Amino acid sequence: MSLVKSIELVLPKDAVYLAGSSIKGQVVLTLNSTLVDPIVKVELVGRGYVEWNEEIGASRDYSRDVICNNKADYVHKTKTFPVGDNWLSAGSRTFDFHFNLPARLPSTFTSKSGHVFYFVQASCMGQEHILAKKRRYLLVQGTSSDFHAENPLQKPLFLEAEKKISYNCCSQGTICLQIQMEKNTFTPGERVIFTTEINNQTSKCIKTVIFALYAHVQYEGFTPNAERRSRVDSSELLRQEANTQITPFNTTKIISTFYLPPVLSVSGDTQDSEIMNTHYELVSTVHLPWSLTSVKVKVPIIITRAPVDSDGCRLLDGSSVTVSLDHQN
């Protein structure tokens, strides 16, 4: 029978920890029998890692795949609990702990090419052997550069795209797509409101407008020969289709609302740029199947730091999208 019956970590459920805040919790250790000279400790660890396969020599007569990777260590702290008389009797006991997160950290992140992760791990050792351990992964929201944090006042944005459309062999017209926003800098979990105006100067009906928020992540790594390589991957974070009937020679306004996820990598952050950096883009697309083309407007979105609150963490909220339509003749 094992000396250790169980070891548990008690932490707030579904909490998002902000860089610079405190992590408070408990280790609950239950023993089946007396343990002599125990070492009971808890660790806070934060690391980043990227890896992908890349083809080299593609322009030559031969080519081969190599693995590009990179890693970073962000935090590693340990607290060893004092044990009176160097022994613990059978039964349960609770050890309180707290860690202060560094003020500058990248956010928790995962994709097929890269990861940034944080965890708290409790362990109990006896006679240099690990008898039991427990690990809990954390959601950490990182901080942004001082430039974004110190520029809260922003000017409204207005972007547009106009395209001449040909259809039915000889018919022509134009479609003008406009996006208006009060600002384009946001914090994770914040509400994003924007207005899209579509001016349909064709004799065809427009039935679908798609809104999507994309994350473009550039990974930085090295080949086995220490040659620096980079890779860019794009992913769709949020998406909404507005099914509407924009009649010929008519203008329609669509007011949309995105609720950002509670944890996001900050835009172009220098803290984790040694392995990756992220940029965001809001894209509004009018698909025109009858002309085999589309009209797009792209808006750069900046994700900045979230302020540290008095509790040091906040509960996890979901993200969603809402849309309302306003037709104009």
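## A contact point: Thr-185

Thr-185 touches Gln-154, Glu-190, Ile-302 and Thr-304, leaving aside residues up to four places away in sequence. Contact here means heavy atoms within 4.5 Å. Thr-185 sits in strand S14, residues 185-186. Strands (E, at least two residues) and helices (H or I, at least four) are DSSP runs, numbered from the N terminus. Thr-185 counts as buried, because its relative accessibility is 11%. The scale is simple: buried is under 20% relative accessible area, exposed is over 50%, and partly exposed lies in between (1.4 Å probe, protein chains only).

The model is predicted, so local features need pLDDT of at least 70 and side-chain atom pairs count only at pLDDT 80 or more, while totals for chains, interfaces and linings use all residues. Residues are numbered from 1 along each chain as its sequence is written, and side-chain values use heavy atoms, with hydrogens and water left out.

## The whole chain

The chain has 1 helix and 22 strands. Of its 329 residues, 44% count as buried. Now take the contacts between residues at least 6 apart in sequence: 73% of them join residues at least 24 apart.

The accessible surface of the chain comes to about 17,200 Å². Carbon and sulfur atoms hold 48% of that surface. Accessible areas come from the Shrake-Rupley method with a 1.4 Å probe; for residues, only the protein chains shown count as cover.

## Aromatic pairs

How many aromatic pairs does a search of the whole structure find? The search finds 8. One of them is tilted: Phe-97 and Phe-99, at 5.8 Å centre to centre and 50° between the planes. Rings of Phe, Tyr and Trp (its six-membered ring) pair if their centres lie within 6.5 Å; planes under 30 degrees apart are stacked, over 60 edge-to-face, and the rest tilted. Phe-97 is buried at 5% relative accessibility. Phe-99 is buried too, with a relative accessible area of 5%.

Phe-194 and Phe-211 form an edge-to-face pair, because their planes stand at 70°, with the ring centres 5.6 Å apart. This pair links distant parts of the chain. Phe-194 is in strand S15 (residues 191-201), Phe-211 is in strand S16 (residues 206-222), and 17 residues separate them. Phe-194 is buried, with a relative accessible area of 1%. For Phe-211, also buried, the value is 0%.

## A ring cluster and a charge

Ring pairs also link Phe-117, Phe-119 and Tyr-137 into a cluster.

## Salt bridges

The structure holds 10 salt bridges. Each is a side-chain nitrogen of Lys or Arg within 4 Å of a carboxyl oxygen of Asp or Glu. Glu-54 and Arg-229 form one of them, with the closest N and O atoms 3.0 Å apart. The pair links distant parts of the chain: Glu-54 is in strand S5 (residues 38-56), Arg-229 is in strand S17 (residues 228-246), and they are 175 residues apart. Is Glu-54 buried or exposed? Glu-54 counts as buried, because its relative accessibility is 18%. Arg-229 is partly exposed, at 23%.

Glu-197 and Lys-253 meet in another salt bridge, at 3.9 Å from N to O. Glu-197 lies in strand S15 and Lys-253 in strand S18 (residues 250-259), so the pair ties together parts 56 residues apart in sequence. Lys-253 is partly exposed, with a relative accessible area of 25%. Glu-236 forms a salt bridge with Arg-239; their closest N and O atoms are 3.1 Å apart. Glu-236 is partly exposed at 37% relative accessibility, and Arg-239 is partly exposed at 38%. Shared partners also matter for grouping: salt bridges join Glu-54, Glu-227 and Arg-229 into one network.

## Cysteines

A disulfide is a covalent bond between the sulfur atoms of two cysteines. The cut-off used here is a pair of cysteine sulfur atoms within 2.5 Å. The search of the whole structure finds 0 disulfides. Cys-124 counts as buried, at 0% relative accessibility. Cys-205 counts as partly exposed, at 24%.
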